[in-house]
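Here is a short briefing for a first look at this structure.

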Amino acid sequence: MANQPKTRLYVDSPLGEGQAVGLDPERAHFLRHVLRLDKGDVVAVFNGRDGEWLAAIDGFGKGWCSLTVTAQRRLQAAGPDLWLLFAPIKRGRIDFVAEKASELGVSRLWPVFTRRTDPNRVNTDRLRANAIEAAEQSERLTVPEMVDPLPLDKALAGWPVERTLYLCAEAGNVRPIAEAVRGRPRGPAAFLIGPEGGFAQSELDEICKLPFVVPVGLGPRILRADTAVVAALACWQALAGDWTVDGGDTRPPFRAPADPTVGE
């Protein structure tokens with residue numbers, strides 16, 4: 001198909017018919033030397049505000065590539081209002097957290113330092129790059145907001161009380177996650193995942209006193225922090241998120257079977 005995009009890119013530029021878009025050297029290199037695209041090839045672009053558009057490559061130069069936006073492919077749609085607060089973990093695993101959280105529709109990524117957090121620095125630029133790449137590949141129309149790291153107590157000090165915070169706790173009095181999510185009205189939500197060594201007991205006690213916190217359990221096995229992120233977000237999406245749209249196919253766009261009788 002002539003208008004089938006060769007790849008999908010997140011850009012900061014405004015998008016509209018006839019709009020010119022310039023790509024940075026890294027993206028230009030990717031299109032020219034990795035994908036081996038050329039003038040006239042079509043890509044899909046999105047910026048989190050204007051929907052998704054087709055754009056044709058105008059040309060390449062030394063460290064640059066220019067595109068012209070041609071036609072809108074998808075209208076902008078809001079994603080789930082879902083935040084993820086997580087204690088930083090070792091490099092590689094924290095990159096996995098950013099990638100999978102983006103795929104699972106998180107709208108805000110927020111590293112927080114707990115009492116047992118081991119890494120004391122977070123490369124938010126790298127995490128954002130991982131989240132953007134995952135957004136491009138998963139066909140979501142937005143990219144998660146990346147919030148600067150804070151100590152957990154400071155992050156919770158100004159918490160909006162209407163946003164339920166599900167505390168994934170490995171100890172204490174908790175409800176199974178499915179029961180807890182089903183029992184809450186739909187609305188803004190967030191998950192808090194602790195460090196590899198778990199929360200300190202005194203820390204858990206303090207957090208559980210907060211009126212917006214719902215402690216939940218993730219089953220009878222101890223999960224790694226990065227595994228807990230995927231498990232918790234998948235449960236929420238299946239029970240209260242955008243996997244539960246009524247009366248429609250919730251699969252990604254452009255994935256319908258060619259034969260309408262398939263599955264009958």
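**Pockets, cavity, sheet and helices**

Four elements, β1 (8-10), β2 (20-23), α1 (25-34) and α3 (124-138), each supply at least two residues to the lining of the second largest pocket. The model is predicted. The points below start with that pocket, then turn to the sheet, a helix pair and a cavity.

**The second largest pocket**

- The volume of the second largest pocket is about 520 Å³.
- Its lining counts 19 residues.
- Tyr10, Asp24, Arg27, Ile132 and Glu136 are the lining residues that lie nearest the centre of this pocket.
- Helix α3 gives the largest share of the lining, with five residues.
- By class, the lining holds eight nonpolar, four polar and seven charged residues.

**The five-stranded sheet**

- Five strands form an open sheet with mixed pairing.
- Their order is β1-β3-β4-β5-β2.
- The edge strands are β1 and β2, and each of them pairs on one side only.
- On average, neighbouring strands of this sheet are turned by 40° against each other, direction ignored.
- In general, strands of a sheet pair through backbone hydrogen bonds, and the pairing is either parallel or antiparallel.
- Strands β2 and β5 (residues 64-74) run antiparallel, joined by four bridges.
- Opposite Gly22 stands Ser66 in β5.
- Helix α3 lies across β1 and β3 (42-46).
- The angle between α3 and β1 is about 145°.

**Helices α2 and α7**

- The axes of α2 (residues 93-103) and α7 come within 9 Å.
- These two axes cross at roughly 10°.
- Angles under 35 degrees count as roughly parallel, so α2 is roughly parallel to α7.
- From α2, the contact uses Arg93, Phe96, Val97, Lys100 and Ala101.
- From α7, the contact uses Asp226, Val229, Val230 and Leu233.
- The residues of this contact divide into six nonpolar, no polar and three charged.

**The cavity**

- How many cavities of 30 Å³ or more does a search of the whole structure find? The search finds one.
- The largest cavity holds about 60 Å³ of space.
- Thr164, Tyr166, Val181, Arg184, Pro185 and Arg186 are among the residues that line the largest cavity.
- The lining also includes Gly187, Pro188, Ala189, Trp236 and Ala240.
- By class, the lining of the largest cavity has seven nonpolar, two polar and two charged residues.

- Helix α3 supplies residues to the second largest pocket and lies across two strands, β1 and β3.
- Strands β1 and β2 are the edge strands of the sheet, and each supplies at least two residues to the lining of the second largest pocket.

How values were computed. Residues numbered from 1 in each chain as written. Predicted model: local features only at pLDDT ≥ 70, side-chain atom pairs only at ≥ 80, totals over all residues. Heavy atoms only, no water. 1 Å grid on protein atoms, 1.4 Å probe; cavity = no way out; pocket = protein on both sides within 12 Å on 5 of 7 lines; lining within 4 Å. Points joined across faces, edges and corners; volume = space filled by probe spheres on them. Nonpolar A, V, L, I, M, F, W, Y, C, P; charged D, E, K, R; others polar. Axes fitted to C-alpha atoms, helices over the stretch in contact; angles between N-to-C directions. Parallel < 35°, antiparallel > 145°, perpendicular 65-115°, else oblique. Contact = heavy atoms within 4.5 Å. Pairing = 2+ DSSP bridges.
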